[in-house]
Amino acid sequence: KETILRLGELFCGPGGLALGAKRAIVVKDDTEFKIEHAWASDYSNDSCRTYARNICPEKPETVICKDVRELDIQSLQPIDIFAYGFPCNDFSIVGEKKGFNGAFGPLYSYGVTVLNYFKPKIFVAENVGGLTSANDGGAFKKILADLKSAGNGYVLTAHFYKFEDYG
């Protein structure tokens with residue numbers, strides 16, 4: 001038996017999260033679970049073209065290239081899984097460290113809107129380590145609280161990965 005889970009993404013970039021999801025297959029009991037692209041959005045034309053070519057060449061129209069603040073979330077197709085690497089510009093330790101006071105910091109809230117509207121079974125939110133210290137640690141706490149209480153409520157598991165530890 002096969003079960004297809006539909007993936008939606010905000011701030012999709014060129015498709016790194018989607019590529020990993022597309023290649024993942026999980027078998028539990030007698031069921032094979034696969035993840036398929038439903039829709040994605042980013043504001044970078046180059047990222048959107050790359051995403052469409054690598055993830056969904058048969059339906060490039062499902063990659064919406066526009067600013068998330070102009071995206072009609074309710075017009076998107078239903079999803080089972082949500083992924084978003086919300087902008088890190090204001091959280092990065094190499095940036096100006098504006099946190100919620102910057103133009104990009106508050107954009108995480110569009111992911112919360114997706115969670116509230118679609119109530120996906122699972123989600124992945126990705127950012128940088130500097131998030132934990134932004135706004136004196138308050139940004140991370142608020143984002144975690146907002147994500148936990150979104151939709152029907154989620155159990156969160158936060159990880160801090162150092163990619164240099166993975167070759």
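This is a short chat about a predicted model of one protein.

Colleague: New to this one. How many helices and strands are in the protein?
Modeller: Four helices and six strands. Keep in mind that the model is predicted.

Colleague: What pattern do they follow along the sequence?
Modeller: Reading along the sequence gives β-α-β-β-α-β-β-α-β-α.

Colleague: What share of the residues count as buried?
Modeller: 40% of the 167 residues.

Colleague: And the contacts? What percentage comes from residues 24 or more positions apart?
Modeller: 73%, taken over contacts with a separation of 6 or more.

Colleague: Back to the helices. At what angle do helix 1 and helix 2 cross?
Modeller: Roughly 10 degrees. Helix 1 covers residues 16–23 and helix 2 covers residues 45–55. Their axes come within 10 Å.

Colleague: Why are they called roughly parallel?
Modeller: Angles under 35 degrees count as roughly parallel. The crossing is roughly 10 degrees, so helix 1 and helix 2 are roughly parallel to each other.

Colleague: Which residues make the contact?
Modeller: From helix 1, Ala18, Leu19 and Lys22. From helix 2, Tyr51, Asn54 and Ile55.

Colleague: Which residues form a nonpolar patch on the surface?
Modeller: Tyr161, Phe163 and Tyr166. Together they have about 420 Å² of accessible area.

Colleague: Where is Tyr166?
Modeller: In the segment after helix 4, which spans 138–149.

Colleague: Is Tyr166 buried or exposed?
Modeller: Exposed. Its relative accessible area is 59%, and the cut-off for exposed is over 50%.

Methods
Residues numbered from 1 in each chain as written. Predicted model: local features only at pLDDT ≥ 70, side-chain atom pairs only at ≥ 80, totals over all residues. Heavy atoms only, no water. Helix = DSSP H or I, 4+ residues; strand = E, 2+ residues; numbered from the N terminus. Buried < 20%, exposed > 50% of the residue type's maximum accessible area, 1.4 Å probe, protein only. Contact = heavy atoms within 4.5 Å. Patch = residues over 30% accessible without salt bridge, like charges linked within 9 Å, V, L, I, M, F, W, Y side chains within 5 Å. Areas by Shrake-Rupley, 256 points an atom, 1.4 Å probe, with all protein chains shown as cover. Salt bridge = Lys/Arg side-chain N within 4 Å of Asp/Glu carboxyl O. Axes fitted to C-alpha atoms, helices over the stretch in contact; angles between N-to-C directions. Parallel < 35°, antiparallel > 145°, perpendicular 65-115°, else oblique.
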